[in-house]
Amino acid sequence: MAAEEVSQTVDHYKTEIERLTKELTETTHEKIQAAEYGLVVLEEKLTLKQQYDELEAEYDSLKQELEQLKEALSTNTIHLKITGSLLGLSAEE
């Protein structure tokens, strides 16, 4: 009877080792998948950050250009008013 108990115990441990090995393999696979997904997310984040930086630089450049154009328009408007006034005075004389 003792030999039978030992045999059952050994079988139980073999079954438990197989179960744990399978569980470890599955868990390891899940961790690898999670790590790969994390890398994809990090790469996407980096790409989006680069796009954001480029768009922000373009925005700043366009904002500066707009301010320069506003200033030039304002200056031209003043010159046109002055020229109009001078022409108006010249016409009256």
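UniProt, in an unreviewed entry, places a "coiled-coil region" at residues 3-79; its positions follow the numbering used here, feature names are shortened, and annotations may be inferred rather than shown by experiment. The model is predicted, so local features need pLDDT of at least 70 and side-chain atom pairs pLDDT 80 or more, while totals for chains, interfaces and linings use all residues. Residues are numbered from 1 along each chain as its sequence is written, and side-chain values use heavy atoms, without hydrogens and water.

In the model, residues 3-79 are 100% helix and 0% strand, with 112 Å between the end C-alpha atoms. Helices are DSSP runs of H or I, at least four residues, and strands are runs of E, at least two, numbered from the N terminus.

Next, salt bridges, meaning a side-chain nitrogen of Lys or Arg within 4 Å of a carboxyl oxygen of Asp or Glu. The whole structure has four. One of them joins E23 to R19 at 2.9 Å, N to O; both residues lie in helix 1, four residues apart, about one turn. D53 and K49 also pair at 2.9 Å, again four apart in helix 1. E67 meets K70 at 4.0 Å. That pair is three residues apart in helix 1, which means a separation of about one helical turn. Through shared partners, E16, R19 and E23 join into one network.

Last, I78, which is found in helix 1, residues 2-92. I78 has 47% relative accessible area and is therefore partly exposed, the class between buried (under 20%) and exposed (over 50%), using a 1.4 Å probe and protein chains only.
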